[in-house]
Amino acid sequence: MATRRLLVLLKPFDAYPASQSEGLSRIASLQLQHLENRRNVHKDAVNFCQNILRHKPVEWKALLRKDLRQPIRDVDLVITVGGDGTILHASHYIDDSVPVLGVNSDPTQPEEVEKHGNEYDASRSTGYLCAATVDNFEQILDNIIEDRISPSDLRRISIDVNSQVISTYALNDILIAHPCPATLSRFSFKIKSDDQPSSPLVNSRSSGLRVSTAAGATAAMLSAGGFPMPILSQDLQYMVREPISSGEVSSLMHGFIKPHQSMEATWFCREGILYIDGSHVRCSVKNGDRIEISSKAPVLKVFLPHRVQHVSSL
């Protein structure tokens, strides 16, 4: 039994707004009731997982994800109970030595969406990277404890600004843009290679630059017209958002960064923000800053669901 010390990272219960339906429209009231139900389902899943752990030969402690402020060390496994957002949060504190098991505490129910989708948003958690739900958590946990299954290595994004490495690695994607979404972003970029000449320099006026991993290629990148990628791909995908007059360099506005390559971008606005995995981790950039982006970051070891593993092997 290799796995003995576990950290259980929990999505907070206050992530769902409290129901106060008085004076609201019928649709708004139904939406709040749905959120209240989601909170209860999440609470039940947390209690279920903790009860299972109490009967296993492991030492564990639970922590709300909002209380996680230090790198995770001295544990053999991190279990996240929530959704993909909780895995993303955990990934910012984990190196390549600690594997992660995600438990989707509140999966979307297709029949519920079909029944109520015309009245309110009946979706729940996608849990794309979550291998477990309450239905199979104990089975998967036993397989991990007995070393019957192994985690997969997911690529992350390394970023440095003016040769200073940012300590947070992106599991999904990064976005570099002006802090005001209605303001033009000006920057240039080129793709550098270890053993070949750099690509032509691209000067861009646009809404910003997004770079995603394979894990993040099904999120904002796909919504913007990007391509899904095999989950274990080592490539990064980039896209200039809403470019203005791309002309003869239009083919360079969307492409891939191979493992032996990096992207060097230079920012030409007075201010800018580099967002890492959404809006929770960010750093400021200013005119003239040079930003280097690559996949040369420690991988994240994740126990993936079978459906994702299958796609990655096609």
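The sulfur of Cys-269 lies 11 Å from the closest cysteine sulfur, which belongs to Cys-180, and this is too far for a bond. The structure in which this distance was computed is a predicted model, and a search of the whole of that structure finds 0 disulfides. A disulfide is a covalent bond between the sulfur atoms of two cysteines. For Cys-283 the closest cysteine sulfur is that of Cys-269, and because the two sulfurs are 15 Å apart, they too are too far from each other for a bond.

Arg-270 counts as exposed, at 79% relative accessibility. When its neighbours within four places in sequence are left aside, Arg-270 is in contact with Val-285, Lys-286 and Asn-287. The C-alpha atom of Arg-270 is separated by 34 Å from that of Asp-195, a residue 75 places away along the chain.

Another part of the model is helix H4, which spans residues 137-145 and in which Phe-137, Ile-140, Leu-141, Asn-143, Ile-144 and Ile-145 are buried. What covers these buried residues includes helix H1 (26-53) together with strands E1 (5-10), E3 (77-82), E4 (100-104) and E18 (300-303).

Just after H4 comes Asp-147, with a positive phi of about 60°, although Asp-147 is not a glycine. Asp-147 lies in the loop that runs between H4 and strand E5 (152-154), and this residue is exposed, with a relative accessible area of 52%.

Which value does phi take in Ser-163? Phi of Ser-163 is near 70°, a positive value in a residue other than glycine. Ser-163 is found in the loop between strand E6 (158-161) and strand E7 (164-165), and it is exposed, with a relative accessible area of 52%.

The accessibility of the residues discussed individually is set out below.

| Residue | Relative accessible area | Class |
|---|---|---|
| Arg-270 | 79% | exposed |
| Asp-147 | 52% | exposed |
| Ser-163 | 52% | exposed |

Note on methods
Residues are numbered from 1 along each chain as its sequence is written. This is a predicted model: local features need pLDDT of at least 70, side-chain atom pairs count only at pLDDT 80 or more; totals for chains, interfaces and linings use all residues. Side-chain values use heavy atoms; hydrogens and water are left out. Buried means under 20% relative accessible area, exposed over 50%, partly exposed in between (1.4 Å probe, protein chains only). Helices (H or I, at least four residues) and strands (E, at least two) are DSSP runs, numbered from the N terminus. Contact means heavy atoms within 4.5 Å. A disulfide is a pair of cysteine sulfur atoms within 2.5 Å.
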